[in-house]
Amino acid sequence: MTLDQLFASPWGALAILCLRVVDVSFDTMRVIFTIRGRRGVAALLGFIMAMVWIFAAGNAVKHLDSWLHILGYAAGYGLGNFVGITIERTVAYGINVVRIFSRRGEEIAAALRERGHGVTVFVGHGREGKVDLIMCATQRAHLDDLVSVVETHDPSAFLTIEEPKSLRGGSVVEREWAPWRSSRPAVGTEVPLSRGGDPADD
């Protein structure tokens, strides 16, 4: 069976679906890395995405008379978005800046420092009196650990989480990370951020 015969068969619709999942997943990741300024990675992902898309779209256009092929193309696009976002969340690349508002600021800060997070505490006054503002820059891979510490010590704490476009000066602590388990991060080497971007930025 030739390649053209394969794509003309019902198996061709499945092949188009799989190709679309691959190219849309790569494109989703490309957009995310583009926003974060990773030019080299974004360019490589864009190249791979375009190559796969041309092959998938070209074969889909040849069989516009087949609803099975059209369905495979559309389903692959939708599933590719889901897969791409899932991959991005699993990789959890980048840095988050977390602001924590709590009346138990010193207790939370001590717990975060004990787990390797670097924090800065400010004392402020809210409507109901004294409140602490805790600021922390952490790798996204360790955001869940940080949030769990805060919720343990103050379930009513108010958090805001942002992703900075660029970072200059300072450092963040690099920890061992496994996406399939939640474990206590061990303090490791500090990654400098003086280049105005994430660690390992281009």
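Mentor: In this predicted model, a nonpolar patch is built from Val, Leu, Ile, Met, Phe, Trp or Tyr residues that have over 30% relative accessible area and no salt bridge, their side chains being joined within 5 Å.

Trainee: Which residues make the nonpolar surface patch, and what is its area?

Mentor: Val61, Leu64, Trp67 and Ile70 make the patch, and its area is about 470 Å². One of these residues, isoleucine 70, is placed in helix H4, which spans residues 67-91.

Trainee: Why is isoleucine 70 called partly exposed?

Mentor: Isoleucine 70 has a relative accessible area of 30%, and since buried requires under 20% and exposed requires over 50%, isoleucine 70 is therefore partly exposed.

Trainee: What makes glycine 94 count as buried, and where does the residue lie?

Mentor: Glycine 94 lies in the loop between H4 and strand S1 (95-102), and its relative accessibility is 10%. The limit for buried is under 20%, so glycine 94 counts as buried. Glycine 94 and glutamate 163 are 69 residues apart in sequence, while their C-alpha atoms are 7.9 Å apart in space.

Trainee: How many salt bridges does a search of the whole structure find, and what makes the pair of glutamate 107 and arginine 104 a salt bridge?

Mentor: The search finds six salt bridges. In the pair of glutamate 107 and arginine 104, the closest N and O atoms are 2.9 Å apart, and because the cut-off is within 4 Å, between a side-chain nitrogen of Lys or Arg and a carboxyl oxygen of Asp or Glu, the pair counts as a salt bridge. Glutamate 107 is partly exposed at 35% relative accessibility, and arginine 104 is partly exposed at 39%.

Trainee: Are aspartate 145 and arginine 115 buried or exposed, and which parts of the chain does their pair link?

Mentor: The side chains of aspartate 145 and arginine 115 form a salt bridge at 2.4 Å, N to O. This pair links distant parts of the chain, with aspartate 145 in helix H6 (residues 143-153) and arginine 115 in the loop between helix H5 (105-114) and strand S2 (119-126), 30 residues apart. Both residues are buried.

Trainee: How do you know which accessibility class lysine 130 and aspartate 132 belong to?

Mentor: The two side chains meet in a salt bridge of 3.1 Å, N to O. Lysine 130 has a relative accessibility of 44%, which falls between the limits of 20% and 50%, so lysine 130 counts as partly exposed. Aspartate 132 has 2% relative accessibility, and the limit for buried is under 20%, so aspartate 132 counts as buried.

Trainee: What describes the packing of H5 and H6, and which residues meet there?

Mentor: Two packed helices are described by the angle and the distance between their axes. The axes of H5 and H6 come within 10 Å and cross at roughly 145°, and the crossing is right-handed. Glu107, Ile108, Ala111 and Leu112 in H5 meet Leu146, Val149, Val150 and His153 in H6.

Trainee: How many helices and strands does the protein chain have, and what pattern does the chain follow?

Mentor: The protein chain has six helices and six strands, in the pattern α-α-α-α-β-α-β-β-α-β-β-β along the sequence. Of its 202 residues, 40% count as buried, and the chain exposes about 11900 Å², of which carbon and sulfur atoms supply 63%.

Methods:
Residues are numbered from 1 along each chain as its sequence is written. This is a predicted model: local features need pLDDT of at least 70, side-chain atom pairs count only at pLDDT 80 or more; totals for chains, interfaces and linings use all residues. Side-chain values use heavy atoms; hydrogens and water are left out. Patches are made of residues with over 30% relative accessible area and no salt bridge: like charges are joined within 9 Å, nonpolar side chains (Val, Leu, Ile, Met, Phe, Trp, Tyr) within 5 Å. Accessible areas come from the Shrake-Rupley method with a 1.4 Å probe; for residues, only the protein chains shown count as cover. Helices (H or I, at least four residues) and strands (E, at least two) are DSSP runs, numbered from the N terminus. Buried means under 20% relative accessible area, exposed over 50%, partly exposed in between (1.4 Å probe, protein chains only). Axes are lines fitted to C-alpha atoms, for helices over the stretch in contact, and angles run from 0 to 180 degrees between N-to-C directions. A crossing is left-handed if the near helix is turned anticlockwise from the far one by less than a right angle, and right-handed if clockwise. Contact means heavy atoms within 4.5 Å.
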